[in-house]
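Please look over the charged pairs in this model before reading on.

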Amino acid sequence: MAATAYTAASAVLTPRVPVTTVRTPRCCSALPYLPPPRLSTSSFSSNSIKQVSESRRFSSVQIRASSSEETSLDPNELFTDLKEKWDGVENKSTVLLYGGGAIVAVWLSSIVVGAVNSIPLLPKILELIGLGYTGWFVYRYLLFKQSRKELATDIDAIKKKIAGTE
């Protein structure tokens, strides 16, 4: 049993060194040939034995996380709740249209971001613009107490507009 565990552990834990063939250069090279690094098998095997024995020692310890309120997710309850909400929607075609439009918008934006990212120097320029705007935002809204209060009132006003309580 111990030999099997050791064999399995050494098979899993041994690093895979790529096998390279050494070619003789046909012309002069400025870089000298460096031999591949040598791995010490004796120190590695003793480490793997220690890891196997430690894993056996702690294998019987089980930890279970729990909260003060036991909440379980019942799939049937979830589906019935979603079905009730879907049945309560008056204009289902509009919801499907908005959902499909959102998926298409995310897809198109990923294509645009990929295209912009492939242009040389443009991502770095946009990163500098973002850092500059972040610095301005911190100076304008977060650095001083009065401007933080102004930002908080602006955010509260936007929340009231969105919620429709204004």
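1. A residue is called buried under 20% relative accessible area, exposed over 50%, and partly exposed in between. The model is predicted.

2. D87, with a relative accessibility of 47%, therefore falls in the partly exposed class.

3. The structure contains 2 salt bridges. One of them joins D87 to K83, with 3.4 Å between the closest N and O atoms. Both residues belong to helix α3 (residues 75-88), where a spacing of 4 residues puts about one helical turn between them.

4. The side chains of R140 and E150 also form a salt bridge, at 3.1 Å from N to O. This pair links distant parts of the chain, 10 residues apart: R140 lies in helix α5 (residues 122-142) and E150 in helix α6 (residues 145-163).

5. How exposed are R140 and E150? R140 has a relative accessible area of 30% and is partly exposed. E150, at 31%, is likewise partly exposed.

6. Helix α6 also holds S147. Its relative accessibility is 7%, so S147 is classed as buried. Apart from neighbours within four places in sequence, S147 is in contact with R140, Y141 and L142.

Conventions: Residues numbered from 1 in each chain as written. Predicted model: local features only at pLDDT ≥ 70, side-chain atom pairs only at ≥ 80, totals over all residues. Heavy atoms only, no water. Salt bridge = Lys/Arg side-chain N within 4 Å of Asp/Glu carboxyl O. Helix = DSSP H or I, 4+ residues; strand = E, 2+ residues; numbered from the N terminus. Buried < 20%, exposed > 50% of the residue type's maximum accessible area, 1.4 Å probe, protein only. Contact = heavy atoms within 4.5 Å.
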